[in-house]
Amino acid sequence: MAHAAHGSNYLNAQKGLWSWLTSLDHKRIGILYFISVMTFFLLGGIAALLLRGELFAYNVANSAGEMAGQLLPSADAYNQILTYHGAIMVFMVIIPGIPAILGNIFLPLQIGAKDVAFPKLNLASWYCLMAGATLAMFTMFSTKVDTGWTFYTPYSIKSGTAVTTMVIAAFITGMSSILTGLNFIVTVHKLRCPGMTMWRMPLFVWALYSTAIIQVLATPILAITLLLLAMERTFGVGIFDPKLGGDPVLFQHFFWFYSHPAVYIMILPAMGVISELITTFSKKTIFGYTAIAYSSLGIAAVSFFVWGHHMFVSGQSEFAGVVFSFLTMLVGVPTAIKMFNWVATMYKGSISFASPMLFALGFLFLFAIGGVTGIMLAVIPVDVHFHDTYFVVAHFHYVMVGGTLMAIMGGFYYWFPKMFGKMYSEFGARMSWIFIFIGFNVTFFPQFILGAMGMPRRYFNYIPAYEPLNRISTVGSWMIAVGFLIALYTIINGLINGAKAPKNPWGSKTLEWEADSPPSVHNFDHEPVVTAGPYEYK
Amino acid sequence: MINGVPVQEHYRDASHQFASAKEGIWLFMATEILMFGGLFVGYLIFHMKYPQMFAEGAQFLDWRLGFVNTLVLIFSSLTMALGIYFCQINQPKKAVWALAITILCGAVFMVIKYFEYTHKFHMGIYPGRMLDLEMLNQHLSSIGKPAIASTNLGMYFGFYFCMSGLHGIHVILGMLMISWCLYRCMRGDFNPNYYTAVEGVGIFWHIIDLVWIFLFPLLYLVG
Amino acid sequence: MLLWILQKITVVMAQAQSFMPTQGTEIAKSIDNLYAFLLVISLVSCVIVIGGMIYFAIKYKRKSENDVTAYITHDTRLEILWSVIPLILFLFVFAWGWVIYHDMRTMPKDALEIHVTGKQWAWAVEYKNGVRSTEVVVPVGRDVKIILTAEDVLHSFYVPSFRIKQDAVPGRYTAVWFRADKLGDFHLFCTEYCGTQHSGMITKLRVLSQEDFDQWLTTESEVSTLPMAQRGAKIFQTRACASCHNVDNPAVKVGPSMYKLFGAENHELLDGSKITADENYLRESILNSQAKIVKGFGPRSAMPAFQGQLSEVEVTALIEYIKGLK
């Protein structure tokens, strides 16, 4: 292999759109994911703003279907938008988000590999995501799907909309997720550089590894569930259809057998990012490395046995409910361990308030609230009241947005200099944090109260008592939007006008910072040799 | 190329690459098994719920045809393994023959399936809601058998067509991939140091056979 | 001392619970106590985690680029401590929850059984004696068992004030019970997404005294055998139509009078068009009051829409009654 010319890196080694679309370089594929996922995020975000806009006030004399809402023409339009908001954000933004963007770029770099195990598969998985996304977008121009992202039967069987196409689209994005997970597992097993033992891997790699296990073991169940739903709609197979003696609740069991572990596909990588950020910006080795790594694996393992906590009121037996509640309590423990270890890492550190760290602190704040409300929801009688109300909506947004999205933003600001070899404006990044963090709390905290008051979710219209808090919530959503616009501007401005980034701007200890900024095509000029753990701040 | 092996540059050597590829294939097989696992779970649940209906449905399946198909697939597993073996000992011609017989077995399997399916369609047996109970009962009375008692017989055949159909799709995919291996084998791509593709497709084919070995008793024999 | 503080916090939390709807049952109270306890421990743990984080962030703020930090890799005692304490707390609230949940799932004997069927987008309530209603009417202080099912898709029976919720599943029965101890009207929501008018699938759960309930049940069952027009008159009263519409003179009360309305030609609307007040016009106006607004009213009608609130039979009875107002 010829050495790349001086100054050449993975971004400018080859030119032209075609060289990007056929690239097998894990870093370039990461960038492809970045562009596509951010586009989907924009779409999902617009949908969210429309939903919040509609809920700004209740509709007077809302009656038959023809009645227009505050912002949207009809209840149907609202239901469709909420479906697309959910499906896009779950299947195309948060699930691929961290593993496919940051993981793709930094997993090989952090373990000193030249690439992932199967580069062609890696590119194929991006094409799968794009194919699935295209199909999903296509349904927007035919009959828009109105089932909610959960596709609960029998509504999804009866709905006269393009559910089948949408389900196939989700199936294909699931394929993409499986391929990424498979690739990462083999990469971690086989491609670690000399000296990089499993217990010297950065915690981000541990998190991605645990995530990959879930992706490989859980997604097939989603695949078969969605296939059966498609079959049900095409041939009327009868498995989920009560008219043929089938059981609609069985669909929920199948669906959540995937979708609960999927929650951890979304949050585990985020926890990995936070481990990196906290140790770097505290300039201190991580507290309880082994505990954090094992807790990732523990969460991955237990996550397969808690799906029934989504179904406490669905008609499952009291016994099943109690077992699932118990197991859910167990999954809370490794999560608590992580939180305490992160805080303990800050003890006697040298804490910088650079923007990535602000996002990490924001994560701790929001995830603490998301976590404790999660425990509340695991207590069955309390869940009976909160189930399918705004309390649940607030809870999972605190975890998914307050957790995962904050970690994506923090991780992105952290690795931006490495990815593009340029610095962004710190002021812009901090401003985006302020708006996103405050806006987020303004949007979602009132929803906890709304949920306690009993406001059901997926409501196009509500009773007048819920109006004031909904107003606050909607105003908060505008602040979040402003925050992301500032972030977008900061990123683009950084890409164009950013100063050249040094090799290791934050003084991190992990391996990716030993590569050039941006890295060369082959990542490292000489294969690195590791002699110590990942966070040796001595 | 090292010793006639195309080693990608992020691997140390051929055996490193081979071990990685094999692990990847096994992981993918795990996803396949889990996917079929979902169907098996559904089958078991409803079998427990409606044992009568499942027994009624199973009588329409001819266990002899299923048994022949089982033998055909087991034999094809053998020839597939031989194909890999001949690649390993550098006898590509024999490997080509072994792979060709494997494809042929797959084709025999699919032809038998085709006859089983069309026979059912003639009797009005379709999956789920599309099952034509009236037509089926007419057929039954013409051959002097009692009419169907279960009103939801369609669900049994929903399972039957979904499970054997999904398996059939995998057989066809397997045949396509074996054909691709056959082509590469004829081209002389494989040698004792490099036969990853045949090995991988072989694992896939064995797993597909394995799934059938579970499907056969569940659909044909458990009445 | 600690106990006293905890007690105080519990009082504060109990006030914070005023966000929870009125407690309509005993079980609601016990759930709220559990919830209050959860709020307290949640608050305490948030204070520990978030407070610790803020404290460390300020105390150990970076002074210079060359700060020397402590090298602490782990502390097994601490790890065990912060695994075991949460675990004990979790198991405690789990057990507490189980006790209450067991009560919620144990159906009382001799309960008043009411069949409720969810359908897009209304609840059909049926009593043992054949009375049908769109609202759930129950006596105070008596065990009531709701037997649920659904006609088309999933629905969920949710009464916030009672802290009860149960999915209605097509093809099977589910059940939920309660004993209301407060008189009054409570919201009854559908909380399982069921399509277009999911958010419109709201009705009332009315708690009456035993005598009122008995009387209601008898009247309702008598009503069902009355001639159509008389039944319509009854509905006109119970649905409070009479509070806005006159029936014996043409004067406007709040809405237009029903007197001699039926069959009126040249019935002028807000947009100036003229129609004949026939059955279909009445039907539309009852179900969706915004559709056609009479001249002199509006621009929006103040009348609630009765789509999903009235059964077909009730609408027909109402129209029959209005026909007879001459």
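The structure is a predicted model, and 66% of the 538 residues of chain A are buried in it.

The secondary structure of chain A consists of 15 helices and 0 strands. Its radius of gyration is 23 Å, close to the 24 Å given by the globule rule for 538 residues, so chain A is as compact as a globular protein of that length. The C-alpha trace of chain A spans about 70 × 45 × 45 Å along its principal axes.

## The contact between chains C and A

Chain C and chain A each bring 80 residues to their contact. On the side of chain C that touches chain A, at least two residues come from each of α2 (26-59), α3 (76-105), β6 (155-159), β7 (164-168) and β9 (184-190) of chain C. The element that gives the most to this side is α3(C), with 17 residues.

Sorted by class, the side of chain C that touches chain A holds 42 nonpolar, 26 polar and 12 charged residues.

## Helix α5 of chain C

Helix α5 of chain C covers residues 228-238, and R231(C), G232(C), A233(C) and K234(C) are buried in it. The packing partners of the buried residues of α5(C) are α4 (210-223) and α7 (312-323) of chain C.

Just after α5(C), the backbone at A240(C) adopts a positive phi of about 60°.

Key: Residues numbered from 1 in each chain as written. Chains lettered and ligands numbered in written order. Predicted model: local features only at pLDDT ≥ 70, side-chain atom pairs only at ≥ 80, totals over all residues. Contact = placed C-beta atoms within 7 Å. Helix = DSSP H or I, 4+ residues; strand = E, 2+ residues; numbered from the N terminus. Nonpolar A, V, L, I, M, F, W, Y, C, P; charged D, E, K, R; others polar. Buried ≥ 20, exposed ≤ 12 C-beta atoms within 10 Å, placed from the backbone. Rg over C-alpha atoms; globule rule 2.2 N^0.38 Å.
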